[in-house]
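Biologist: I have not looked at this one before, so could you walk me through it?
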Amino acid sequence: MPRSSGRTSLPETEFKLVRVEVDDAGALALVTIDNGEDHTKPTFFGRAALQSLERLLPELEEGDWAALVLTGKPFVFAAGADITEFAEATRELAIEGSRTGHELFGRLRALPFPTVAAINGACLGGGVEIALHCDARTISTSVRHFACPECFLGIVPAWGGTQLVPRLVGAEQAVRVVVANPMRQNRMLTGLEAHELGFADRLLEPAEFVDESIAFALGLAADGDGRGGSPGDPVAEVMRKARARLDDQVHGAAPAPYTALDLIEGACSGWSLEEGYRAEEEA
């Protein structure tokens, strides 16, 4: 990850594991993304967070777990990458940061038991991307901020977002969430809207959210990847219209949304996930 350049650092985020014994089902891994602060200081993914995940993964990979639930501290799931670490980043460091996220999130995706992202609060950027590397997602009705804001910031999702979003919800909705919404004053989705678009498998009330997410994870049968976008998506036409709208908005002056469209189109045209990862790293 890029190094900080003297700015005030954010509280360090950790991935904290609790073992939940579940009768005859064995043990469930409950992992909380937390920085030890209240909701006024959201959890971000910087170098320390990725190192924490790297330390945790062997325990998940080698343990005899029935399932995993990944959630956040109260009111926040994860607010994305720590952009204070982006200053003075070279091309090499940018590629390294993207590749590190791909590798670690890819290991989470490869775990041999059901994994559920329990989106309890604000879920932005890298928070969306790590959630998409789980087998399934629950989301709370209290969520007010679910988005991929990278293009609004002049960058692109680079931890799998441009590849996994279209595989999950199809090309048209991927363009809407990854490109169109950020370019409309960074519009965000509520939990209800995210569920309706297909980002989450269950919409749950906040009172028993974690307990119901655990129950869902334990009842989740192992499935195949099952992540392809709708085969009926008219990808070429979706992309043509999206580029035309961008031309009207920014007249080619902002490269990030055009690059994001290229990456989404690649995901829809048959790239393997590994090919998509490499393309994101280059972008």
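Modeller: What follows is a short chat about cysteines and then strands. This is a predicted model, in which local features need pLDDT of at least 70 and side-chain atom pairs count only at pLDDT 80 or more, while totals for chains, interfaces and linings use all residues. Residues are numbered from 1 along each chain as its sequence is written, and side-chain values use heavy atoms, with hydrogens and water left out.

Biologist: How many disulfides does the structure hold?
Modeller: The structure holds zero disulfides, a disulfide being a pair of cysteine sulfur atoms within 2.5 Å. Cysteine 134, for instance, is in no disulfide, and the nearest cysteine sulfur, which belongs to cysteine 123, is 10 Å away.

Biologist: And is cysteine 134 buried or exposed?
Modeller: Cysteine 134 counts as buried because its relative accessibility is 2%; buried means under 20% relative accessible area, exposed over 50% and partly exposed in between, with a 1.4 Å probe and protein chains only.

Biologist: OK, switching to strands, what is the order in the open sheet?
Modeller: The open sheet has six strands in the order E1-E2-E3-E5-E7-E9, with mixed pairing, where strands are DSSP runs (E, at least two residues) numbered from the N terminus and two strands pair if DSSP finds at least two bridges between them. Strand E1 (14–22) and strand E9 (202–204) are the edge strands, each pairing on one side only.

Biologist: How many bridges join E5 to E7?
Modeller: Four bridges join strand E5 (residues 115–119) to strand E7 (residues 136–140), and the two run parallel. Alanine 118 stands opposite threonine 138 in E7.
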